[in-house]
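User: I have a protein model open here and would like to go through it piece by piece. Could you help me read it?

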Amino acid sequence: MAACFSQPIPLKPKTSPKSTSFYTLKVTCSSATNQSQSAKQHLLSLISDQDRGLKTQNDPEKRATIIQAIYAMAEQGKGTVTTGNSLSATWRLLWTTEKEQLFIIEKAPLFGTKAGDVLQVIDVEKKTLNNVITFPPDRVFFVRSNIEIASSQRVNFSRFTSAVLRGKSWEIPLPPFGQGW
């Protein structure tokens, strides 16, 4: 399975009958929180120069170190729920091992552009996940999929339902494929 590390970003305020805020921030002071923050900062420093994972593809040692840091973070959060409504947000991809996404990011210059933001829009309530790769100023690759909550810390996407490459005044539907977690 591909490993990804993302951070939530506020793009458009999410409105719901229960809340109009994007995030609920709970601040606690404990050594576990400090350890967790330290693990997060360590991971962010490891991926900061990896160009979303492009450089890591050819560096198995660095890749292994990053994946080990991801597992360390997961261990810190053992027992917490990471698949609740707080997962519903727009997330910016910071690093991945997912080959198709890395291929599109890497090969974008062949089409006279470069990849912009790579996003995942997750809606736990609607059970949807949309992958979005932007190509500034006005192109986007968009893949829709369905998700299911597999456990308190795992979301599976059962299948892609559609894919499209869209420009300012054109659209090319593409066959969706793949599944994962």
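User: Is D117 buried, partly exposed or exposed, and what is its relative accessibility?

Analyst: This is a predicted model, and in it D117 counts as partly exposed because its relative accessibility is 31%, which lies between the 20% limit for buried and the 50% limit for exposed.

User: Which residue does D117 form a salt bridge with?

Analyst: The partner is R92, and the closest N and O atoms of the two are 3.2 Å apart. R92 is partly exposed as well, with a relative accessible area of 30%.

User: Where do D117 and R92 lie, and how many residues apart in sequence are the parts they tie together?

Analyst: D117 is in the loop between α3 and β3 while R92 belongs to strand β2, so this pair ties together parts that are 25 residues apart in sequence.

User: How many salt bridges are there by this rule?

Analyst: The count comes to three.

User: Are K78 and E75 buried or exposed?

Analyst: K78 counts as exposed, because its relative accessibility is 60%, and E75 is exposed too, with a relative accessible area of 52%. In the other pair, R166 counts as partly exposed at 31% relative accessibility, and E171 is partly exposed with a relative accessible area of 48%.

User: Let's step back. How many helices and strands does the protein have?

Analyst: There are three helices and seven strands, and if you follow them from the N terminus on, the elements run β-α-α-β-α-β-β-β-β-β.

User: Now the inside. Which residues touch the most other members in the largest nonpolar core?

Analyst: That core has 22 residues, and the ones touching the most other members are L87, I122, I133, F135, F141 and I147. The elements that give two or more residues to this core are β2 (89-96), α3 (99-107), β3 (118-123), β4 (128-135), β5 (139-151) and β6 (154-166), and β6 gives the most, with four residues.

User: What is L87 in contact with, leaving aside its neighbours within four places in sequence?

Analyst: With those neighbours set aside, L87 is in contact with T82, I122, V124 and V155. Apart from this core lies another one, of eight residues, which include L44, I47, I66 and A69.

User: What share of the protein counts as buried?

Analyst: Of its 181 residues, 33% count as buried.

User: Which residues make a nonpolar surface patch?

Analyst: W170, I172 and L174 make a patch of about 250 Å². W170 sits in the loop between β6 and β7 (171-174), and it is partly exposed, with a relative accessible area of 37%.

User: What about the backbone: which peptide bond is cis?

Analyst: The bond from P136 to P137 is cis, with omega near 10°, and P137 lies in the loop between β4 and β5.

Key:
Residues are numbered from 1 along each chain as its sequence is written. This is a predicted model: local features need pLDDT of at least 70, side-chain atom pairs count only at pLDDT 80 or more; totals for chains, interfaces and linings use all residues. Side-chain values use heavy atoms; hydrogens and water are left out. A nonpolar core is a set of buried Ala, Val, Leu, Ile, Met, Phe, Trp, Tyr and Cys residues joined through side-chain atoms within 4.5 Å. Buried means under 20% relative accessible area, exposed over 50%, partly exposed in between (1.4 Å probe, protein chains only). Contact means heavy atoms within 4.5 Å. A salt bridge is a side-chain nitrogen of Lys or Arg within 4 Å of a carboxyl oxygen of Asp or Glu. Patches are made of residues with over 30% relative accessible area and no salt bridge: like charges are joined within 9 Å, nonpolar side chains (Val, Leu, Ile, Met, Phe, Trp, Tyr) within 5 Å. Accessible areas come from the Shrake-Rupley method with a 1.4 Å probe; for residues, only the protein chains shown count as cover.
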